[in-house]
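Here are a few exercises to work through with the model open beside you. Try each one before reading its solution.

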Amino acid sequence: MKCYQIVFSPTGGTEKVARAITQNWSQVDAIDLSAPDTRYADICIESDALSVIAMPSFGGVAPQLALDRLAMIKGNGAKCVIAAVYGNRAYEDTLVQIEDYAQNAGFQVIAAISAVAEHSIIHEYAAGRPNMDDCKELAEFGDRILEKATSNQLSKPSVPGNRPYKKAGTGMVPKADSNCTSCGLCVQKCPASAISANTPGATDKSKCISCMRCVSICPVHVRKVSSLMTSIAAAAIKKACSVEKANELLA
């Protein structure tokens, strides 16, 4: 059985979750939803394939950019497990959004996961997750999903979330300070093409999705978000993040 990881993972946490789920799957090809130059409309998944479709939760919803790219892929009735990855606060409508877009793209959802990963901005929350125990749990569930798909079981999990979806909020926009070396790495890697080669220290607010990739990959660590805004955000979600959440496995 051909297998795929269809993943949007700007800072690596969602990719770690997807890799854990597919740890014991063979022939796993990766489709990176963060690559702006990919012709997603040309991607056709085999009808007998199994995919994990994984995205982060930004303020309780999936990144619209990632959903729009998923919508272009031809699922052809292939089975999939959907995964929402969040920084220990709440994933709210993220999972049901991914379910709807996956089904509209032609995938059959046979399992769903909410998984915790280190917060992409406030790293003290869920620090180090997914950890070894998380990865073991996810791999074991991945084995169950593979067995379910191989035996052609098409039962659909009950996915939590609301329709209409929660409205996406306004995120924090990173920018570089005067120590920017204009290396261009953030320009190349920004999923939303929000950083211009002419002014790499700045960020186009109309395009930025606050995914924090540019912050995480900056080789000289000069791209940042406002420390004041980060402190305010950390205080606002402190109570919700005070107890580490467990992963949810639905099949």
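**Exercise 1.** Work out what share of the residues of the chain counts as buried.

*Solution.* Of the 251 residues, 47% are buried, that is, under 20% relative accessible area with a 1.4 Å probe, protein chains only. Keep in mind that this is a predicted model, where local features need pLDDT of at least 70, side-chain atom pairs need 80 or more, and totals for chains, interfaces and linings use all residues. Numbering starts from 1 along each chain as its sequence is written, and side-chain values use heavy atoms, leaving out hydrogens and water.

**Exercise 2.** Find the largest nonpolar core and the residues with the most contacts inside it.

*Solution.* Start with the rule: a nonpolar core joins buried Ala, Val, Leu, Ile, Met, Phe, Trp, Tyr and Cys residues through side-chain atoms within 4.5 Å. The largest one has 33 residues, and I6, I45, I53, M55, I73, I82 and F107 have the most contacts inside it. Next, see who supplies it: β1 (3-7), β3 (50-56), α2 (64-72), β4 (79-86), α3 (94-104) and β5 (108-116) each give at least two residues. Apart from this core lies another, of 22 residues, including V17 and L50.

**Exercise 3.** Describe how helix α1 packs with helix α4.

*Solution.* First, the geometry: α1 (residues 13-21) and α4 (residues 132-150) pack at about 50 degrees, with axes 7 Å apart. Then the contact (heavy atoms within 4.5 Å): α1 brings V17, A20 and I21, while α4 brings C135, L138, A139 and G142. Finally, sort these residues: six are nonpolar, one is polar and none is charged.

Key:
Axes are lines fitted to C-alpha atoms, for helices over the stretch in contact, and angles run from 0 to 180 degrees between N-to-C directions. Helices (H or I, at least four residues) and strands (E, at least two) are DSSP runs, numbered from the N terminus. Ala, Val, Leu, Ile, Met, Phe, Trp, Tyr, Cys and Pro count as nonpolar, Asp, Glu, Lys and Arg as charged, and the others, Gly among them, as polar. Buried means under 20% relative accessible area, exposed over 50%, partly exposed in between (1.4 Å probe, protein chains only).
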